[in-house]
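The points are grouped by topic.

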Amino acid sequence: MQDSRTFSSKLNRINNRGYKAYQELQGEYDFGRYRLFVDHVQGDPFAAPSRVSVRVYQDRAKFPASLFQKKPRRIALCDYLARCFSQAVKKYCGGIRGTGKSGLIFIDSGKQEILERSAVVINESFVEARFFCGLPARGRTVLSNVAEKMFFQEIPEIVEASLYYEKLNHGELLEYVNLAEDQEYIRESLSEQGLVAFIANGSVLPRRSGISDLPLTGPKVISFQSPASLEVSFNTPNHGEIRGMGIPQGVTLIVGGGFHGKSTLLHALERGVYNHIPGDGREWVITVRDAVKIRAEEGRRVEKVDITPFINNLPFGQDTQQFSTDNASGSTSQAANIIEALEMGCKLLLIDEDTSATNFMIRDGRMQALVTKDREPITPFLDQVRPLYEELGVSSVLVIGGSGDYLDVADHVIMMNEYSPVDVTKEAEAICSQYPARRVPERGEGFGKLKPRIPLPGSFDPQRGRKTKVGAKGLDVVQFGHYQIELDDVEQLVDPSQTRAIADIIYYAWKKYFNGRRSLSDAIRQIEEDLDKYGLDVISPFREGRAGDYALPRRYEIAAAINRLRSLEVR
Ligand code: ADP
Ligand code: MG
């Protein structure tokens, strides 16, 4: 084992040499209090920074096993430690010094959500942080004295402040882990109470702005308060009884005037599939894991999706049992989005009229009279929302401000009134019998069966020129070979590190599981098992396997990316 003195003398030896000389640092070093790994050295000072890890063994780190034995607690602990590490970087790192990314230290820590990440790993034996260093240079020559400062002063201080249990704020850490565990507990308990979502009293749903995910603050914020008729409670392991509004399984409408907080409530439910940090305002907004936001997405590609429950008899006899297009319309894209989500096991659809195709959602009596059924390919969602629940057990929460026809198909109607929910189910029923809808229900034959889709491995090509080109560009784009997969409208993707993971998962799926016989949903389930067993490192293309910048995506977002790959072919 090399030690820190070897590291230091290597550094001295390469001073003022060409940047490539940094390669000599690659390897493992005993720094006494911790192990240092230089996993990968960047090619030049402008390239993606070098990958470095630090491992502290538990005889020194001393994290109590109770903080990481159970998975939800471990995820929260690792997430917390990455944030501590990041704060320590702000405090101790001198920042950019020299050319390109020289002098930078960075760890991939989270924002409002608590996600399973690869930046910090903890087990019985050690805690390990994976981070990034811009190895310093002037022009393209090695600056050893700056590197010396980073590796012998700054990193030790950062590690000291974040990876030893005794140095941390125990109260804050325990609350963080306990809170995440309770969020998970409620999510797991929803179905026992016949619910698909829960919003605790006192929650703060609105965000600071359209481009900020931080909670809105100030005197104008109305905190959430459940109507008495929908109030439920959970007995959490760490926070005792938590009360709030339960959204039952079935069909639930959110109605109300414009600008009264309908979309804000739905957005909070979309994010409720993830755990949130203390102080977010949505810590106790919990949605079932298998909830998918559905919207219209004009222009997307669709590959052989059976959209017949919604669309039949297109002009020119176009096939809707295996519907393919390079340029979907509002309604066909929304239909495909639903079928693809169901294919992956979705149990709750979240739909906002603001982002839906009108002709997909409704068709009223007058329009039925004018454009008779034999001329209209679309069966509106209105006529399928009940079969979805009754045949497939798939619930829906719908934001509907404009169409009273939906009152007929709802189990519950919640009105948002000046940002507060009111249960108007009874009133809605009375209105339905007083003013019967003037429309005829369409398509009596129910929803029908879902068919698995089998991706053809030959339709994936990760190469661009002679290079493998697989990666993410920010939150919304996956690069796969020649193709850019656009994910702007996949709204439950929340972290660019999830996008990065999705890119490498597609490659992994193609190498390992797409064989022309396995369905898309089976392949993704297999990958989920691998991820559960081996952690996020399993998808890493790096030889030593330590990739510090992944966050776990859900199966719905993985499938969404594959379904939007423009070269995808399905058997
Ligand atoms: P709708 O969908 O009913 O038209 P939105 O949900 O878009 O309304 O909300 C309208 C505005 O009100 C947004 O700017 C939002 O941030 C704000 N808002 C929503 N809920 C609250 C609340 N509980 N307290 C204060 N402001 C809120
Ligand atoms: Mg709205």
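In this predicted model, helix α3 meets α4 through L81, C84, F85, A88, V89 and Y92, which touch E154, E157, I158, V159, A161 and S162 of α4. The residues of this contact divide into nine nonpolar, one polar and two charged. Helix α4 also packs with α1.

**α3 with α4**
- Helix α3 spans residues 71-92, and its axis comes within 9 Å of that of α4.
- The crossing of α3 and α4 is right-handed.

**α1 with α4**
- Helix α1 (residues 4-13) packs against α4 (residues 144-162) at an angle of about 160°, and their axes are 9 Å apart.
- That angle makes α1 roughly antiparallel to α4.
- The crossing of α1 with α4 is right-handed.
- From α1, residues S4, F7, S8, L11 and N12 meet S144, A147, E148, F151 and F152 of α4.
- Five nonpolar, four polar and one charged residue make up the contact of α1 with α4.

**Ligand 1**
- Ligand 1 is surrounded by 14 residues, of which the closest are I222, F259, K262, S263 and T264.
- The side chain of K262 places a polar atom 2.9 Å from an oxygen atom of ligand 1.
- In the side chain of S263, an N or O atom is 2.9 Å from an oxygen atom of ligand 1.
- H260 has a backbone N or O atom 3.2 Å from an oxygen atom of ligand 1.

Conventions: Residues are numbered from 1 along each chain as its sequence is written. Chains are lettered from A and ligands numbered from 1 in the order in which they are written. This is a predicted model: local features need pLDDT of at least 70, side-chain atom pairs count only at pLDDT 80 or more; totals for chains, interfaces and linings use all residues. Side-chain values use heavy atoms; hydrogens and water are left out. Axes are lines fitted to C-alpha atoms, for helices over the stretch in contact, and angles run from 0 to 180 degrees between N-to-C directions. Helices (H or I, at least four residues) and strands (E, at least two) are DSSP runs, numbered from the N terminus. Angles under 35 degrees count as roughly parallel, over 145 as roughly antiparallel, 65 to 115 as roughly perpendicular and the rest as oblique. A crossing is left-handed if the near helix is turned anticlockwise from the far one by less than a right angle, and right-handed if clockwise. Contact means heavy atoms within 4.5 Å. Ala, Val, Leu, Ile, Met, Phe, Trp, Tyr, Cys and Pro count as nonpolar, Asp, Glu, Lys and Arg as charged, and the others, Gly among them, as polar. A residue is near a molecule or strand if one of its heavy atoms lies within 4 Å of it. A polar contact is a pair of N or O atoms within 3.5 Å; within protein, one must be able to donate a hydrogen and the other to accept it, and residues adjacent in sequence count only if both atoms are side-chain atoms.
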